[in-house]
Amino acid sequence: MALGICSKPKLYKGYIELELQLREFDRCRKLYDKFLEFSPANCTTWIKYAELENLLGDDERARAIFELAVGQPVLDMPELLERTQHVKVWISFTQFEAAQDCTDQGRSIYERADRALRQLETKEQRVMLYESWKEYEEKYGNDETKQSIAKKMPKRIKKRKKVTTEDGTDAGWEEYYDYIFPDD
């Protein structure tokens, strides 16, 4: 098999797609398992594997895959995308739970994600999470849960910082946005 000789994401994706077309779902599972052994930091693979299990009606297995995914110490390598992708795994997990009519479980996943992201101290991730959480509560929540997430929403403020060139001369001011979280 080519995967044993030259393991590359494109090969895994191609084989998985082929097996899906042939309706060989057990082979798809084996390929996803091997793909995740080869590249455990690949968020997209975790999400697609869980989606496959969901489509096959194996909700417990899909839930377990999401649990394994959010437990990974590092997801995806590019520094900027790493955080975004990790948030996307959490959000996909909550959407999965909502699709199973388990909105309380989805809410508890948002709370777990909030605790995890708070420790990382990455404001952009938390903002994405809160925006998704707010949409979730607007769709599935009651007045109490909507007010709860509204209280957590950060304030966006404009800040300025002085910019200097490499030789130390003044290059003016740069404006940027920062977020202030009520819980912090």
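This is a predicted model: local features need pLDDT of at least 70, side-chain atom pairs count only at pLDDT 80 or more; totals for chains, interfaces and linings use all residues.
The chain holds 9 helices and 2 strands. Followed along the sequence, these elements come in the order α-α-α-α-α-α-α-α-α-β-β. The chain has 184 residues, of which 35% are buried. Among contacts between residues at least 6 apart in sequence, 43% join residues at least 24 apart.

Two helix pairs show how these elements pack. Two packed helices are described by the angle between their axes and the distance between the axes. For α4 and helix α5 (residues 59-70), the angle is about 170° and the axes are 7 Å apart. Because angles over 145 degrees count as roughly antiparallel, α4 is roughly antiparallel to α5. The crossing of α4 past α5 is left-handed. On the α4 side, the residues that meet α5 are Trp46, Ile47, Tyr49, Ala50, Glu53 and Asn54. Their partners in α5 are Asp59, Arg61, Ala62, Ile65, Phe66, Leu68 and Ala69. Sorted by class, this contact has 9 nonpolar, 1 polar and 3 charged residues.

The second pair is formed by helix α8 (residues 123-140) and α9, whose axes come within 9 Å and cross at roughly 165°. Helix α8 is therefore roughly antiparallel to α9. Here, too, the crossing is left-handed, with α8 passing α9. Tyr130, Trp133, Lys134, Glu137 and Glu138 are the α8 residues that meet α9, and they face Thr145, Lys146, Ile149 and Lys152 across the contact. By class, the contact of α8 with α9 has 3 nonpolar, 1 polar and 5 charged residues.

Thr145 is buried, with a relative accessible area of 17%, and the cut-off for a buried residue is under 20%. Leaving aside residues up to four places away in sequence, Thr145 touches Arg107 and Glu137.

Charged side chains also pair up across the model. Counting each side-chain nitrogen of Lys or Arg within 4 Å of a carboxyl oxygen of Asp or Glu, the total comes to 17 salt bridges. One of them joins Arg29 and Glu53, with the closest N and O atoms 2.7 Å apart. Arg29 lies in helix α3 (residues 25-38) and Glu53 in helix α4 (residues 43-55), so this pair ties together parts that are 24 residues apart in sequence. Both partners are buried: Arg29 has a relative accessible area of 15%, while Glu53 is at 0%. Glu53 is also among the α4 residues that meet α5.

Another salt bridge brings together the side chains of Asp114 and Lys152, at 3.7 Å from N to O. Asp114 belongs to helix α7 (residues 103-120) and Lys152 to helix α9 (residues 143-152), so that distant parts of the chain, 38 residues apart, are linked. Asp114 and Lys152 are both buried. These two residues also take part in a network of salt bridges that links them with Arg118, Arg126 and Asp183.

Lys158 pairs with Glu175, their closest N and O atoms being 3.6 Å apart. Lys158 is in strand β1 (residues 155-164) and Glu175 in strand β2 (residues 170-180), 17 residues apart.

Most residues other than glycine have a negative phi. Arg23, however, has a positive phi, near 60°. Arg23 is exposed, with a relative accessible area of 60%. Asp101 likewise has a positive phi near 60°, and this residue lies in the loop between α6 (79-99) and α7. At a relative accessible area of 71%, Asp101 is exposed.

Note on methods
Residues are numbered from 1 along each chain as its sequence is written. Side-chain values use heavy atoms; hydrogens and water are left out. Helices (H or I, at least four residues) and strands (E, at least two) are DSSP runs, numbered from the N terminus. Buried means under 20% relative accessible area, exposed over 50%, partly exposed in between (1.4 Å probe, protein chains only). Axes are lines fitted to C-alpha atoms, for helices over the stretch in contact, and angles run from 0 to 180 degrees between N-to-C directions. Angles under 35 degrees count as roughly parallel, over 145 as roughly antiparallel, 65 to 115 as roughly perpendicular and the rest as oblique. A crossing is left-handed if the near helix is turned anticlockwise from the far one by less than a right angle, and right-handed if clockwise. Contact means heavy atoms within 4.5 Å. Ala, Val, Leu, Ile, Met, Phe, Trp, Tyr, Cys and Pro count as nonpolar, Asp, Glu, Lys and Arg as charged, and the others, Gly among them, as polar.
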